[in-house]
Amino acid sequence: IADLGGCDLLLHCAGIGYNNPQLDAAREIATAETNTVGFTRIMDTAFDYFRRQGGGHLAAISSIAGTKGLGAAAAYSASKRYQNTYLDALAQLSRMQRLDIRITDIRPGFVDTPLLREGKYPMLMRPEKVAARIVRALEQRKRRIVIDRRYTVLVFFWRLIPEWLWERLPIRTK
């Protein structure tokens with residue numbers, strides 16, 4: 001940070017995930033380590049930096065996958081739920097400590113990136129459109145945003161599905 005002349009905004013956009021219905025342990029653990037341990041290290045370091053600096057904007061690209069557990073990508077869904085909850089907690093901590101640290105949780109759906117080259121995904125979004133929406137959300141200092149109205153509607157209905165029914169839905173991405 002010092003070499004760059006400081007930091008007012010940190011956008012965390014790193015992560016991995018797999019379509020892994022076989023629950024290959026190596027893939028599940030790698031996903032958990034990257035998306036939870038790595039994420040926590042970055043968030044805590046940036047939060048502490050912004051605390052000492054007197055403020056800043058901490059943002060992360062999580063996912064709508066954190067809304068409900070997706071059987072084909074268990075570790076990915078769980079790690080994104082962790083990120084959503086961790087960002088909620090940091091936002092509360094910032095307020096409790098009366099810090100001028102803004103938190104933004106960016107939740108896209110399926111984006112046409114190399115991460116999704118292995119399967120067929122519904123409502124695939126173009127990266128340049130997603131990037132423009134992310135920039136707009138950061139400029140507006142939004143607390144939380146689901147990228148694309150289609151996914152906003154989808155997430156709304158996902159949350160209404162009772163657990164007993166969700167567990168019976170054969171959701172596939174291939």
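Asp48, Arg51 and Arg52 are linked in a network of salt bridges. The structure is a predicted model. Across the whole structure, a search finds eight salt bridges. Side chains of opposite charge can pair when their charged atoms come close.

- Four strands make up an open sheet, and their order is β1-β2-β3-β4. The pairing between them is parallel.
- The edges of this sheet are β1 (9–12) and β4 (144–146), each of which pairs on one side only.
- On average, neighbouring strands of the sheet are turned by 15° against each other, direction ignored.
- Three bridges join strand β3 (residues 101–107) to β4, in the parallel sense.
- Valine 146 in β4 has arginine 107 standing opposite.

**The helix on the sheet**

- Helix α1 (residues 25–53) packs on the sheet and touches β1, β2 (56–61) and β3.
- The direction of helix α1 makes about 165° with that of β2.

**Arginine 144 and aspartate 88**

- A salt bridge joins arginine 144 to aspartate 88, with the closest N and O atoms 2.7 Å apart.
- Arginine 144 belongs to strand β4 and aspartate 88 to helix α2 (residues 74–96), so this pair ties together parts that are 56 residues apart in sequence.
- Arginine 144 counts as partly exposed because its relative accessibility is 40%, a value between the limits of 20% and 50%.
- Aspartate 88 also counts as partly exposed, at 31% relative accessibility.

**Aspartate 148 and arginine 133**

- The side chains of aspartate 148 and arginine 133 form a salt bridge, at 3.8 Å from N to O.
- Aspartate 148 sits in the loop between β4 and α4 (149–160), while arginine 133 is in helix α3 (residues 127–139), so the pair ties together parts 15 residues apart in sequence.
- Is aspartate 148 buried or exposed? Aspartate 148 is buried, because its relative accessible area is 13% and buried means under 20%.
- Arginine 133 is partly exposed, at 28% relative accessibility.

**Glutamate 128 and arginine 126**

- Glutamate 128 and arginine 126 are joined by a salt bridge in which the closest N and O atoms are 2.7 Å apart.
- Glutamate 128 has a relative accessible area of 47% and is therefore partly exposed.
- Arginine 126 is partly exposed too, with 46% relative accessibility.

Methods:
Residues numbered from 1 in each chain as written. Predicted model: local features only at pLDDT ≥ 70, side-chain atom pairs only at ≥ 80, totals over all residues. Heavy atoms only, no water. Pairing = 2+ DSSP bridges. Helix = DSSP H or I, 4+ residues; strand = E, 2+ residues; numbered from the N terminus. Axes fitted to C-alpha atoms, helices over the stretch in contact; angles between N-to-C directions. Contact = heavy atoms within 4.5 Å. Salt bridge = Lys/Arg side-chain N within 4 Å of Asp/Glu carboxyl O. Buried < 20%, exposed > 50% of the residue type's maximum accessible area, 1.4 Å probe, protein only.
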